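Student: I would like to go through a model feature by feature. Please give the general idea each time, then the case at hand.

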Amino acid sequence: MNENLYIKNESAGNKKINEYINRIKAGEDKNAIFEGLPNSFKSSIEEGLKVPAGGENIDDEIGIPPQYKGLNSETLSFIWTSPIYINEEKNIRFNNLKSKIINQLRERELQEARKIEANDSDKINLTKVREELGVNNLIPSEVPVDDIERRKKLSGWRASYELAIIANQQGLDLSKISREEYAEFAIKNLLAIDDSQLRMAPYQRMATLVNEVISSSKERQAKINKDIDLSFALFSEEIQRRAGEADRFLFDNIKIRQGTKDSNSWLYFGINNGIGNSQGETYKSYISVKDLNSLTPERFKNLMIALRDEGYNGDIKIFQDLASQGIKLNDQIVMHGSSEEDAKLALKIAEKFFGDDIDQKSFGKDQVIDGVNKSYSEILAEKIKNSINNHTP
């Protein structure tokens with residue numbers, strides 16, 4: 001029973017312990033992880049690393065969505081997105097089951113790895129993987145007629161990997177272009193990336209295989225300062241706790257939104273008059289920073305104060321976990337304006353506030369289309385899909 005304590009306890013400290021356990025099991029050096037951590041963290045991590053006695057074997061297909069079948073534990077952990085339910089108990093049950101499946105799969109992989117030579121276990125036949133993905137090594141800048149239908153069958157991550165190969169051949173760094181330019185590049189090359197790829201961190205756009213995405217993410221995760229990471233985790237925990245209290249004002253005219261207490265991904269705030277009762281179209285602006293170590297809780301609070309003092313009316317949200325969530329996002333901070341002018345003002349203020357630290361920025365709007373609420377990223381993804389489907393040679 002003890003082996004599951006670090007999964008069931010949802011405090012900020014235990015979330016970080018669970019993260020460190022998974023990183024060590026995925027191959028990171030334990031001594032490097034332990035450096036600078038308090039003894040209480042180290043003992044909890046050691047407990048979580050113990051292999052459960054008599055642990056059940058699992059089938060790859062049990063509880064895993066079909067699109068993730070056959071992935072290893074590291075890839076599954078990275079790419080399996082947790083749904084967000086209104087019922088918080090359902091969220092907890094899902095996350096506990098997901099963690100259990102991934103941990104059991106990881107233990108089985110470790111046992112299998114011990115049976116083969118270490119040098120052979122890590123080899124990856126890139127040619128074979130590309131063939132399995134339907135990705136050619138040489139793709140001309142103009143799409144051949146006989147290649148159009150093949151490309152149209154690709155979507156999501158598989159489409160993004162091929163886009164990366166094309167960009168490499170053309171000498172284009174996809175991490176340096178805007179979200180909108182990335183969408184246009186996908187349309188031009190008839191590859192239907194979706195809203196997940198549009199929202200991912202820009203460096204991930206250059207990956208030609210999922211292994212490259214994970215490797216790059218681990219490199220960036222390792223660069224996160226532990227003190228800043230823990231500070232942000234405690235800030236997140238405090239905000240979620242206060243979201244359920246009567247007094248939710250963080251500062252004058254800066255209020256924690258109640259929805260924060262039921263969210264497992266974002267922290268929500270209202271500034272001045274907030275977003276109001278906006279229905280239908282909601283204008284929003286996005287930013288991300290080059291170095292997440294610069295995005296401390298104090299700096300984010302000061303950004304909200306700057307927005308308030310400059311007369312911004314609207315909402316703002318930021319991720320809950322810096323090291324595991326923030327590194328994967330293009331939209332690390334999202335500002336929902338009460339009006340188009342407010343959203344534009346927020347972007348202008350954020351540009352001035354962060355200066356050269358800004359990595360990506362964007363402006364768009366959420367809409368109701370055919371009675372369904374669509375985010376800006378979903379609308380862009382729909383544009384890509386429709387443009388490709390309507391393409392004629």
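**Reading a helix and a sheet**

Tutor: The buried residues of α14 are I228, D229, L230, F232, A233, F235, S236, I239, Q240 and R242. Buried means under 20% relative accessible area, exposed over 50%, and partly exposed in between, with a 1.4 Å probe and protein chains only. This is a predicted model, in which local features need pLDDT of at least 70 and side-chain atom pairs count only at pLDDT 80 or more, while totals for chains, interfaces and linings use all residues. Residues are numbered from 1 along each chain as its sequence is written, and side-chain values use heavy atoms, with hydrogens and water left out.

Student: How many helices and strands are there in the protein?

Tutor: Helices (H or I, at least four residues) and strands (E, at least two) are DSSP runs, numbered from the N terminus. The protein has 17 helices and eight strands. Of its 393 residues, 47% count as buried.

Student: How is the span of helix α14 read?

Tutor: An α-helix has 3.6 residues a turn, so residues three or four places apart point the same way. The expected span is 1.5 Å times one less than the number of residues. Helix α14 covers residues 226–242, 17 residues in total, and reaches 24 Å from first C-alpha to last, close to the 24 Å expected.

Student: What lies at the start of α14?

Tutor: A side-chain oxygen of N225 comes to within 2.8 Å of the backbone nitrogen of D227.

Student: In which order do the strands of the sheet run?

Tutor: Strands of a sheet pair through backbone hydrogen bonds, either parallel or antiparallel. Here two strands pair if DSSP finds at least two bridges between them. The open sheet of eight strands has the order β1-β2-β3-β5-β6-β4-β7-β8, with antiparallel pairing. β1 (249–251) and β8 (372–374) stand at the edges with a single partner strand each, so one side of each lacks a neighbour in the sheet. Two bridges join β1 to β2 (residues 254–256), and the two run antiparallel. F249 stands opposite K255 in β2.

Student: Which helix packs on the sheet?

Tutor: Contact means heavy atoms within 4.5 Å. Helix α16 (residues 340–354) packs there, touching β4 (282–289), β6 (333–337) and β7 (358–369).

Student: Is H336 buried or exposed?

Tutor: H336 lies in strand β6. At 13% relative accessibility, H336 counts as buried. Leaving aside neighbours within four places in sequence, the contacts of H336 include I275, Y312 and D366.

Technical notes: A polar contact is a pair of N or O atoms within 3.5 Å; within protein, one must be able to donate a hydrogen and the other to accept it, and residues adjacent in sequence count only if both atoms are side-chain atoms. Axes are lines fitted to C-alpha atoms, for helices over the stretch in contact, and angles run from 0 to 180 degrees between N-to-C directions.
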